[in-house]
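Student: I have a model open and would like to learn how to read its features. Could you take me through some of them?

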Amino acid sequence: MHKSITFDGREIRLRLGELAPQAGGSVLVECGDTAVLVTATQGTAREGIDFLPLMVEYEERLYAAGRIPGGFLRREGRPPEKVVLTSRLIDRPLRPLIPDWLREDMQVVATTMSLDQDAPPDVLAALGASLAVATAGIPFMGPMAAVRVGLLGDEFILNPTYAEVEAGELDLVVAGSPQGVIMVECRANQLPEQDMIEAIDFGHEAIQELIRAQQQILSELGVTLTIPPAPEPPADLVALIHETAAQGIQAVLDQTVADKQKRNQALDAVKAQVTAALAALPEDDPRRVAGTPKTVEALFKSLTKKLMRRHVIDKGIRVDGRRVDEVRPIHCEVGLLPRRVHGSAVFQRGSTQVLSAVTLGTPGDAQDLADDLHPEDEKRYLHHYNFPPYSVGEVKPMRAPSRREIGHGALAERAIVPVLPSKTEFPYVLRVVSEVLASNGSTSMGSVCASTLALMDAGVPLKRPVSGVAMGLIKEGDQVQVLTDIQDIEDFLGDMDFKVAGTDAGITALQMDMKITGLDVPTLGQAIKQGRAGRLFILEKMLATLAAPRTELSPYAPRLLTLKIDQELIGAVIGPGGKTIRGITEETGAKVDIEDDGTVTISARDEERAQKAYRLIDGMTRRLNEGDVYTGRVTRIIPIGAFVEILPGKEGMIHISQLAEHRVGKVEDVVSVGDEVIVRVREIDNRGRINLTRLGIHPDEAATARQGNSPQT
């Protein structure tokens, strides 16, 4: 069946159920020349699991852009980072709308099959996922849709092109349901909080148009979204657990235990009382039969959640004794790691602790992004986030980075990028690795804070320091409490995880996930404004540790020098088969990178090696002008004059008549091979030969020539 939606002046074409007919539901979403096939399939129930078994996969095929993959195999392999992030972008708004008590395997697969740079596929894939799930008969509290919001000048624009995103001040994705906003993902150039609220509201209004269009299509297809009732545990078992555990749980909450481990141990002791009460029942008692470990765990968690939320709503005091807008104690330390590490910092908030380490690299260390469909071809700032099991006191196998780790690293990366110096100001490639050493809520924002301090410790001239805080929400009917700096129990048992990062001037990154089916924009606005106060409090503590970037780089960081040469001379520096540039590297020990625009970056372990390579390349490419004064060295003598190397690879001749103010009988009477002399370029003839003179040079010109034109690091 063919349908279409006119949205923001563009047609979104839908082909429902025609392709992939054996999937539960399928839709080909097209806009411009972008085409994304989205399928949804439901399998059978899995026994013994206590989670929603939903898998969301986003795939990119390079044929979509008319390209063949690189590498030996010449086929798509491990998904690039942007593919993983798009999978999460679809998953995060979809998951809260599918009942979490379902145990049937479910899989949503979105495949970009054709790409139009004017129609990015990710928000189209989210639209397709909503329709595919709905038509597959999967219980769904949708529909759901997502839009991208950009900012050009003072105007918000919907679903901007890649070029408009790069040119603008905002890249915001908002997803929503009929009940409200359900996900936010954002990169911004220090956008003021009020502008961000207006941008989210702008996106939310547009989403409702897409939701109404989907509802109309589903109605025409005869699809009714239904939700089966949640399985009810035996009432007498629920009563037993409440009777045995409620008072003990409430006592733990009333003690306002700040230490996560002590609180968990106290709750485990209460849970043990439930287990003991069940064990004391006759073996054939229905409560004992129904009270399997997983059932007891789920019911105990449900009771804890109910009491914790009521505690916060009624008293305005959290389980660790803080007010709803209070940040946990902050500790910062810089320069923790010695020697070869170029910059490091530890940031601790409560019992969440993150260590970030900075490495300064050369332009050749930039990440090649050739194997995804995004137009960006390289990345010069890399942020990697690691979450080892010991950070939560667990023992688990350590594998490749998880989707969560990739997502948290990307969030911290987006938060920092807007304040990085330009490539011209600071040509280094930057890699930050954030190691989560202890976790009790908001490690991603902890990594933002630790990374800011580590970059400053490394001497990176950030435009402004960035801090971040995670906001939470507890909503019971019309009663709402917004929480600043949530810890793990408030994340697990609350309704929202809203991460806000930025400077004192505005927001640089947002990420919001909901556990409920939607939230109104005014409540989100309250969270954003309350988050600013939390961010600034944290920033103040950070700057008390290190107020500004260090003025000197680590002695172990590579030294970079840059110069600009004419594009016509790039080939001369590289030489036939790279012979010339290899010779420079071998002679100096420096690495040379040349860009297509003629920018040459020289990197070396120390200043001396870098300067030597700089002089060689500068000498090879500098255009000489008549009248320029240089310090040179005599290389050979002939009866009529002396040859002088004034720049590496460039020689000129001083005629005997130009050697001195008086008449010179023999050249050797005035200069010898190896002598350093001050000369002026007298003439460059039509054959490119350089004629020099020692006559008529002012003392100030000579002094300048002796100082040379040393490049700056």
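Predicted model: local features only at pLDDT ≥ 70, side-chain atom pairs only at ≥ 80, totals over all residues.

Student: Into which domains is the chain divided?

Tutor: Domain bounds come from an automatic or database domain assignment. Here they are domain 1 (2-221), domain 2 (235-315), domain 3 (330-545), domain 4 (559-621) and domain 5 (628-708). Between the C-alpha centres of domain 1 and domain 5 there are 70 Å.

Student: How do I read a sheet, and in what order do the 8 strands of the open sheet come?

Tutor: Strands of a sheet pair through backbone hydrogen bonds, either parallel or antiparallel. Helices (H or I, at least four residues) and strands (E, at least two) are DSSP runs, numbered from the N terminus; two strands pair if DSSP finds at least two bridges between them. In this open sheet the order is 8-7-9-10-21-20-18-19, with antiparallel pairing. Strand 8 (155-158) and strand 19 (479-484) are the edges, each pairing on one side only. On average, neighbouring strands of this sheet are turned by 20° against each other, direction ignored (axes are lines fitted to C-alpha atoms, for helices over the stretch in contact, and angles run from 0 to 180 degrees between N-to-C directions).

Student: How many bridges link strand 20 and strand 21?

Tutor: Strand 20 (residues 496-502) and strand 21 (residues 507-514) share 7 bridges in the antiparallel sense. Within strand 21, Gln511 is the residue opposite Lys499. Helix 8 packs on this sheet and touches strand 18 (467-476) and strand 19, where contact means heavy atoms within 4.5 Å. The direction of helix 8 makes about 100° with that of strand 18.

Student: At what angle do helix 6 and helix 8 pack?

Tutor: Helix 6 (residues 260-279) and helix 8 (residues 293-315) pack at about 130°, and their axes are 11 Å apart. Helix 6 is therefore oblique to helix 8; angles under 35 degrees count as roughly parallel, over 145 as roughly antiparallel, 65 to 115 as roughly perpendicular and the rest as oblique. On the helix 6 side, the contact is made by Leu267, Val270, Lys271, Val274 and Leu278, and on the helix 8 side by Val296, Glu297, Phe300 and Thr304.

Student: Which strands close into a barrel?

Tutor: The barrel has 5 strands in the order 25-26-27-29-28, with mixed pairing. Its neighbouring strands are turned by 55° against each other on average, direction ignored. Strand 25 (residues 629-638) runs antiparallel to strand 28 (residues 676-684), and 5 bridges join them. Val629 stands opposite Arg680 of strand 28, and Arg633 has Glu676 as its bridge partner there. A hairpin through 2 residues leads from strand 25 to strand 26.

Methods: Residues numbered from 1 in each chain as written. Heavy atoms only, no water.
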